[in-house]
Amino acid sequence: METPTIAHASAKRQVWNAGRTVGAKRALKPKHIWEIRFYLNQRRRLRDRALFDLAIDSKLRGCDLVQMKIGDIVSGGQIRTRAIVMQQKTGRPVQFELLPDARASLLAWLERRGGTVDDFVFPSRVDHTGHLSTRQYARLVDEWVTGIGLMRSEYGTHSLRRTKASIIYRATGNLRAVQILLGHSKIENTVRYLGIDVEDALALAENTEF
């Protein structure tokens, strides 16, 4: 007797991903990187510019990015050229480089931010002893991409993680290097993460001579 009621309730229940774009978020193109930097510079948003540059260079997941401490990237009053972070998801360390643009924006932000080596690089505005939340980071990314005319549904925090890795892969075809940079335990994970398909594989094969 109750079956029709249950079926009716199930039919009314909205699917969790209704109206959402599901799947891997797109990586940013080099021109998008410069457009977002210009967008943030014009608005004098030092923190956001530093956060964006660090996200691109570090290739870290959002949960690892927001929990970075000043001591992770600063040594002797200078921004490190290389840093290392322990990944929460895998428990494995991953190293990354900090290029001049990122070092400059981070230095400008930290000079304003102040703090000690034990403080978070990007503190929470609600609780200054805590760090920026991953949710707030995601909101900022939405704001940045829409600010330069991109569709928010197609980009997210993983877009920033994938961007430099995708550029390196396209330029070199070196999956092993990208695997190391992303901190993946298996190269199959890197293939899936970058969205490499048969056409990519064939193009690489055609350009490889013995």
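Visitor: How many helices and strands does the secondary structure of the chain come to?
Guide: This is a predicted model, in which local features need pLDDT of at least 70 and side-chain atom pairs count only at pLDDT 80 or more, while totals for chains, interfaces and linings use all residues. Residues are numbered from 1 along each chain as its sequence is written, and side-chain values use heavy atoms, with hydrogens and water left out. Helices (H or I, at least four residues) and strands (E, at least two) are DSSP runs numbered from the N terminus, and the secondary structure of the chain comes to 11 helices and 4 strands.

Visitor: What percentage of the 210 residues of the chain count as buried?
Guide: A residue is called buried under 20% relative accessible area, exposed over 50%, and partly exposed in between, with a 1.4 Å probe and protein chains only. Of the 210 residues of the chain, the buried share is 38%.

Visitor: Which residues of helix 6 are exposed, on the other side from the buried ones?
Guide: The buried residues of helix 6 are Ala 102, Ser 105, Leu 106, Trp 109, Leu 110 and Arg 113. They cover an arc of only 130° around the axis (taken from the directions from the helix axis to the C-beta atoms), which puts them on the same side of helix 6. On the other side of helix 6, the exposed residues are Pro 100, Glu 111 and Arg 112.

Visitor: Which helices and strands do the buried residues of helix 6 pack against?
Guide: Contact here means heavy atoms within 4.5 Å. The buried residues of helix 6 pack against helix 3 (46-58), helix 5 (70-73), strand 1 (74-75) and strand 2 (78-79).

Visitor: How far apart are the end C-alpha atoms of helix 6?
Guide: The expected span of a helix is 1.5 Å times one less than its number of residues, so the 14 residues of helix 6 (residues 100-113) should span 20 Å. The model agrees with that expectation, the end C-alpha atoms being apart by 20 Å.

Visitor: Which side chain of opposite charge is nearest to Arg 113?
Guide: Arg 113 lies in helix 6 and is buried, yet has no salt bridge, a term that asks for a side-chain nitrogen of Lys or Arg within 4 Å of a carboxyl oxygen of Asp or Glu. Leaving aside neighbours within four places in sequence, Arg 113 is in contact with Ile 70, Asp 119, Phe 120, Val 121 and Pro 123. Lys and Arg count as positive and Asp and Glu as negative, with His and the chain ends not counted; at 4.6 Å, the nearest side chain of opposite charge is Asp 119.

Visitor: How far apart are the closest N and O atoms of the salt bridge between Arg 37 and Asp 53?
Guide: The pair links distant parts of the chain, with Arg 37 in helix 2 (residues 30-42) and Asp 53 in helix 3, 16 residues apart. Both Arg 37 and Asp 53 are buried, and the closest N and O atoms of their salt bridge are apart by 2.9 Å.

Visitor: Which residue meets Lys 164 in a salt bridge?
Guide: Lys 164 is buried, with a relative accessible area of 14%, and Asp 57 counts as buried at 5% relative accessibility. The side chains meet at 3.0 Å, N to O, and the partner of Lys 164 is Asp 57.
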